[in-house]
Structure formats: C-alpha cells, structure tokens
Amino acid sequence: MKLVRGAWKLLVGIKDALVLILMLLFFGGLFAALSARPNSRVTDGALVLDLSGSIVEQPTEADPVALLSGQPVAQQLRLRDVVRALDAAKTDSRVKAVVLDMDRFAGGYPAALSEVGDAVARVRAANKPVLAYATLYTDGGYRIAANASEIWQNPFGGTMFRGPGGAQLYYKGLIDKLGVNAHVYRVGQFKSAVEPYTRADQSEPARAANQALYGAIFDQWRAGVLKARPKAQLDALIARPAETIAAAGGDVAQANVRGGIVDKLGDRIAFGKRVAELAGVEPAKATGSFRTIKYANWLAANPVSTSGDAIGVITVAGTIVDGEAKAGTAGGDTIAKLLLDGLATKNLKALVVRVDSPGGSVLASERIRQAILQAKAAKLPVVVSMGGLAASGGYWVSTPGDVVFAEPNTITGSIGVFGVIPTFENTLSKIGVTADGVTTTPLSGQPDVLRGTNAAFDTIMQSGVEDIYRRFTGLVAQSRGLTPARVDEIGQGRVWDGGTARQLKLVDRFGNLDDAIGEAARRAGLKADQVRAVYLEKEPSALEKALKSFSEKERSDAPDQAATDMLGHVAVQQRAVLAQALGDARRLLTAQAGVQARCLECGGLGPVAVSAEDASLFDLLVARLGL
C-alpha cells in the first residue's frame, strides 16, 4: 500500500511540475510578446510592403479566440499607414528601393486603391525604384502596381482584368419554397438592397443605376492605369482577352510582356536578385535574398507627428450598428463616446469626420450625427472626408459637415431606407402546424412570426420608413442647400460615384484625408504645417497588440500554400463571395433589427471581407450538402 501511495505522490508531483513548467512557458512567452515592439532603428535596404490581404480605412479588431486557436485571420492594412510609409520613403536615403509584394492582395475600394497608387507614383517620381511582384494581377492590384517602375510577374502567372460587376444571389424562389414571407418596407426606387428577397432577378431601375455606377468606376480605373503606363496595350486585354491570349499561344505572361502590361518575367529568386542589385545582398542568406526594411519597423521609425494644434479625426468605418462595437464596425455608442471624450479632453481646434461605411442602423447613424453636432455647438469647424464608401447611413453622418471632400471614385449617395421582417406562417403550414390565439388590440402579438403581420402593422411600419426617409432627405436638403424635392429626385436609394455626386452637389470638393485636415486647419485659422491629426479611436490593449503580433509572426513563419495562380485565385474569391452572400441573407432575415439606411450593393465594389461567422456558415452548408 505504501508503494502505491508513494507512486501516486510521485505522479502528482510530476503533474504539478509539468503544470508549473507550462505556466512559466506561457507567461514567459506572453511577457516576451507584450515586450515586443517594432524596431524603430532601420538600416539601408529595400522597404518591403507585403500587401497580402486588403487595404481598409480601419482594420477589424481580431477575435482573440480565433488568434489563439490558430484560425486563419485575414490581414488588413490601414490605408493611411500604407500611404505614410510610401511618402516617408520618397527622400530617405536608407530606402534604396520599394518592393510591393502583391501575390496575395485582396483589394480595396477604388478610392483607396487610387490613393495608394498615387503614393507609389510619388515615390517613383522621386527617382526611387519601385518594384512590384505577383503571379496574378487583377484589377485592384494592378491599379497600384501600374505605378511601379518595374512590374514583375511569375512566368506561370497572368492577368485577369474583369471590371466591376457580376452576378448577385436572389432568394425569392428559395423563400417561396420554404414558405418564408419576407415583409419589406422601403422608400427609394433604386433601393435594391431588398430586391433579393422580393424578386428573382434585378429590376430595370437597379440595373440602369448599377450600369452607370460601374461604368464610371471602370472608366476611372482605366484612366488611372493608362496615366501610369500610357504605352500599355490595355484595351486589347479588356475588350478581347481570349483573342489576345490565343495570339500569344496561350502564354498569358508573354502576352502581358508584349502588351507592356508587365516589364519582366521571373520567379522569386530572379526577382530577389534584381532587388539585391539595388538594395544590397543579405549576407548568409539564401540565394536571391536582399537587405530588407520591414514595414512595421519603418512605420515605427516614421511616427505620426505629435506637435502642433490638434485637429480631431473621428473614423466611421464599417457597418453602422446600434450600441458598442469593436474597430472595423461603427458602433453608434462607441463612436459617440470617442467623439464626446475627445471634445472634452483633447483641446481640439477642428473636427474631421472620416467616413468609410455602407451605412446600417438609422438610430445608430443619428446617434453619431448628434455627437458630431456637439462639435458644431462648441464652434469647431467640421469637415467631412469620404473614403472609399460613404453611402446610406454613411451619408447620413456626413450631413453636419461644413464642407464635404470625396474622391472621384468614392461610392456615395444611396439616400433611402428599408426594413425587412420575416414571418413563417406558410413554412409552418407545409408541415401541418398552425397558430391561433386571441388579441386585445390591432397590434397584439405583432409582428406575429407565426401567423404573419396584419394590415395595421404593415401600415405603421411603412409609414415609419417613409417618415425616416423624409427626415433623411430633409437633413440632406438643409446641409447641401437643396430643396427636399431635388434631394428626393437624386435620392431614391440611388448610388453615385464621387464625380457625379459632386456635380449633383452631394459633395463639395475632391480630396483625400490630408486635404480635409488642411481645410479644417484653414477654417480654424491655422496653417496646415502647424497642426497635428489626433485620431479619436480606442487604442488596442497590450494583450491585443501581443496577440496580433503573434498572429502576424505565425503567418510570416508558416509556409503559405494559398494558391496564387489564376484558377486558385478565382476559387478562393468565389468561396468568399458565396460566404458573404449567405451571411447577408442570414443577417437580413434573422438578426438585422430596426430600420436600415444601408447600401448592400456597394459591397461588390470593394474587398470581399468574410467574417469567421460567415465562413463557418458556408463550411457548414458545404458539409451538409456533401460537396
């Protein structure tokens, strides 16, 4: 017995020792991660911008559980950081060249791509070599790469210039088969966000509006590319892609070289050797290695200025939702609190509202607008800067601006509102289930998901939506100096490109965020070089920074087996499109509460951002179907 007890104590002791060792390793690793900081000391080399992922206005705050569990987390690069890195490289002698690694670029909204492309052009104009590399160039990536001094491509790669547009899912047939009754309340002839639930195809007004919008965006893309590479035979690849490739014997890469789309073909070793000629060879490294300046270190070495009078910048990015939300989603309460705290404590001289949102909840949009009005009540100039997207609720929060800046390819407008409520009386009847009960008023039990809505409820809901639309158009009319009738004419849920929106007086001037900050300084009686931008946003905690740093290191250390050729790229992208569509259907028919001022159709013009929840839903559906 003593022997058994002794053995047991030994096992318990070993277990305790192992637990202690694991805890020490965990907290030691956590301390190391928390202590890790980008090195602000940089040496001569090539500044490498790994553009894997998408370029966004405000990166989504990553889920710690997903990071710790090893789930793949898509990288998002902050637009203003990318531009700052490029502008800082123009005249810095330590940067011998700039490398754009675009093999896994996931895109961005047209305005963001144009801004990064212009920043690349400024580096090139300063006689600094810029070299881009990718296996496959698509529209978004090439809009940036076209400005490089050397465009490289893998010999097994190609190009795929498709232009905006494509198919959209319509659920009316499925809804009818399931017996779901989608009650739609909307205002706006062009508010096509709800059409997938009421039609089996696109309405003619929606088709005409989208054709005009997509045409304008594509024309601007083509003009931007040809400005950077005027000798490129772009039209042949756009209008006659099959014939052009067939003429090159099916070799897309060679066709690109002949047409001046790319400059050189080579694998990564050849590309690395070329960069090493400019930036120096990295000693004791593999063939084709060159001296590198890491993006994070470069940003740390070139921080945002902290001197001068404060111009507050509040960012409204992502879908606008009620309550609080993490970065990348515009929580009405979260943004209002950040803004009000900034007004109270930051000694701001002016306010810039940076908008990059398709809209969302009307109540949350109004919550943000009321907070912006507090800046006006404090006699601060308010300037609005529209990024890639400022539609529906994104336009609602822009109405307090003294002046509104946008880019020619900003997507804006969509002045309209809607609401959707599903009921399941027909679904239940298909399986022999019915519902009955008593009521005391016309609204008892409404909306009744078991028996359907009644006429009184439908009338009230539609009246409420129409009232909100009148408020929306009234806000726009007051802020833009237009009559309500004129706003209604250019509203109706129609989406416009920035150039047309300026002609319609929905925006005042073309310009980026820096232009808006400069205008805010001028209106505050300050010189542009005497101010600093103070971004009113939540700073990530030390743990969040550590987890993000750990995730990025894991991604860089792990062998990346994601396909970068044409077929692999298409497969990945289409999976993302389907997952996003399924997520939109789920949100609108289940969890989406309240009246919405939201532009769902705008999403097709930007990066395909798939949440972990949507991806899981897609995987579950595929598994259930046995695909």
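Analyst: Buried means under 20% relative accessible area, and exposed means over 50%. Keep in mind that this is a predicted model.

User: Fine. Which residues of helix H11 are buried?

Analyst: Phe271, Gly272, Arg274, Val275, Ala276 and Ala279 are buried in H11.

User: And what do the buried residues of H11 pack against?

Analyst: They pack against five strands by name: S1, S4, S6, S7 (150-160) and S9 (264-265).

User: How many residues does H11 have, and how far does it reach?

Analyst: H11 covers residues 268-279, which is 12 residues. From first C-alpha to last it reaches 16 Å, close to the 16 Å expected at 1.5 Å a residue.

User: What happens at the start of H11? And just after it?

Analyst: At the start, a side-chain oxygen of Asp267 comes to within 3.2 Å of the backbone nitrogen of Ile269. Just after H11, Gly280 has a positive phi of about 100°.

User: Now the sheet. What is the strand order?

Analyst: The order is S9-S7-S6-S4-S1-S10. It is an open sheet of six strands with parallel pairing. S9 and S10 (292-294) are the edge strands, each pairing on one side only.

User: Which helix packs on the sheet there?

Analyst: Helix H3 (residues 79-89) does, touching S1 and S4. The direction of H3 makes about 165° with that of S1.

User: Why call S4 largely enclosed?

Analyst: Six of the seven residues of S4 (residues 95-101) are buried, so the rest of the structure largely encloses this strand.

User: How many bridges does S4 make with S1, and how many with S6?

Analyst: S4 and S1 (residues 45-50) pair over six bridges, in the parallel sense. Four bridges join S4 to S6 (residues 130-138), and those two also run parallel.

User: Give me residue pairs. What stands opposite Val99 in S4, and what stands opposite Asp101?

Analyst: Val48 stands opposite Val99. Opposite Asp101 is Tyr133 in S6.

User: What is the bridge partner of Val48 in S10?

Analyst: Lys294 is that partner. S1 and S10 pair in the parallel sense over three bridges.

User: Switching to charges. How many salt bridges does the structure hold?

Analyst: It holds 31. One of them joins Arg369 to Glu366, with the closest N and O atoms 2.8 Å apart.

User: Where do Arg369 and Glu366 sit relative to each other?

Analyst: Both are in helix H14 (residues 362-377). They are three residues apart, so about one helical turn separates them.

User: Buried or exposed, that Arg369?

Analyst: Arg369 is buried, at 12% relative accessible area. Glu366 is partly exposed, at 22%.

User: What does Asp436 form a salt bridge with?

Analyst: With Arg451, where the closest N and O atoms are 3.6 Å apart. Asp436 and Arg451 are 15 residues apart, in the loop between helix H16 (425-430) and helix H17 (455-480). Asp436 is exposed, at 72% relative accessibility. Arg451 is partly exposed, at 34%.

User: Which other residue forms a salt bridge with Arg451?

Analyst: Asp448, with the closest N and O atoms 2.9 Å apart. Asp448 is buried, with a relative accessible area of 11%.

How values were computed
Residues numbered from 1 in each chain as written. Predicted model: local features only at pLDDT ≥ 70, side-chain atom pairs only at ≥ 80, totals over all residues. Heavy atoms only, no water. Buried < 20%, exposed > 50% of the residue type's maximum accessible area, 1.4 Å probe, protein only. Pairing = 2+ DSSP bridges. Salt bridge = Lys/Arg side-chain N within 4 Å of Asp/Glu carboxyl O. Expected span 1.5 Å × (residues − 1). Contact = heavy atoms within 4.5 Å. Polar contact = N/O pair within 3.5 Å; in protein donor to acceptor, adjacent residues only side chain to side chain. Axes fitted to C-alpha atoms, helices over the stretch in contact; angles between N-to-C directions.
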